[in-house]
Amino acid sequence: MKVLGVDPGLTRCGVGVVDGVAGRPLTMAGVGVVRTPADADIAHRLVLIERGIEEWLDEQRPDCVAVERVFSQHNVRTVMGTAQASAVAMLCAARRGLPVALHTPSEVKAAVTGSGRADKAQVGAMVTRLLRLDAPPKPADAADALALAICHIWRAPAVNRLQQAHAVNRLQQAQAAARARPAPVRRTPARAPGPRPGTPQKGTTR
């Protein structure tokens, strides 16, 4: 599985690609940051982010895209910019028919470091170790993007099993409801009244 991780942001949008499967060593296929000028208007910055992500999708051709789920913060302006960049990443993936997975920061930290409260330095150190890199990727947005991809690769099998279990449960409930539903009553259509026995028909003689 080849996963493109996206750590959304207007000024720096981290992008990292990891290849591998759960339970086996993972490989970094690429890492970087899509940057936009802080003095440009938001619409133009979103276009730049879209172009940057499209270039990564064209070059890497991942199987799916993992994006950080936006959560509430005290700085509303930062949240809005992050959400807008996140939407652009999801749009780029959906346009190509690629599955999109959302992971919260605490999920990513817990998957990579074992603690949902790990700081960026700890995440960067574990990403370096897991991918056997010479040094932590810089800036931290790039390391976070790789951590998102790692998190999804490790969580995907469990998520798939959970989705399959939910699907089987829904099917069983539908089948049980169908069995419990009373069968429709079949009504025999009434026949038109015919002549009484022994009554002469028109056009006949006794």
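Q: What share of the chain's contacts between residues at least 6 apart in sequence join residues at least 24 apart?
A: In this predicted model, 62% of the contacts between residues at least 6 apart in sequence join residues that are at least 24 apart.

Q: OK, and how many helices and strands are there?
A: The chain has 5 helices and 5 strands, and when the sequence is read along, they follow the pattern β-β-β-α-β-α-β-α-α-α.

Q: How much of the chain is buried?
A: Buried residues account for 35% of the 206 residues in the chain. As for the surface, the accessible area of the chain comes to about 13100 Å², and 54% of that belongs to carbon and sulfur atoms.

Q: Let's move to Asp144, then. Where does it lie?
A: Asp144 lies in helix H5, which covers residues 140-180.

Q: Is Asp144 buried or exposed, and why?
A: Asp144 counts as buried because its relative accessible area is 11%, and the cut-off for buried is under 20%.

Q: Which residues does Asp144 touch, leaving out those up to four places away in sequence?
A: With those left out, Asp144 touches Asp7, Lys120 and Val123.

Q: What does the side chain of Asp144 make a polar contact with?
A: The side chain of Asp144 makes a polar contact with the side chain of Lys120, at 2.5 Å, and Lys120 is also among the residues that Asp144 touches.

Q: Changing topic to the backbone: which peptide bond is cis?
A: The peptide bond from Lys138 to Pro139 is cis, with an omega near -5°. Pro139 itself is placed in the loop between helix H4, residues 120-130, and H5.

Q: What about Arg132, where is that found?
A: Arg132 is found in the loop between H4 and H5, and it has a positive phi of about 55° although it is not a glycine.

Q: And Arg61, what is its phi?
A: Arg61 has a positive phi of about 50°, and it too is not a glycine. Its place is in the loop between helix H1, residues 42-60, and strand S4, residues 64-68.

Q: Is Arg61 buried or exposed, and why?
A: Arg61 counts as exposed because its relative accessibility is 62%, where the cut-off for exposed is over 50%. Asp144, by contrast, is buried at 11%.

Conventions
Residues numbered from 1 in each chain as written. Predicted model: local features only at pLDDT ≥ 70, side-chain atom pairs only at ≥ 80, totals over all residues. Heavy atoms only, no water. Helix = DSSP H or I, 4+ residues; strand = E, 2+ residues; numbered from the N terminus. Buried < 20%, exposed > 50% of the residue type's maximum accessible area, 1.4 Å probe, protein only. Polar contact = N/O pair within 3.5 Å; in protein donor to acceptor, adjacent residues only side chain to side chain. Contact = heavy atoms within 4.5 Å. Areas by Shrake-Rupley, 256 points an atom, 1.4 Å probe, with all protein chains shown as cover.
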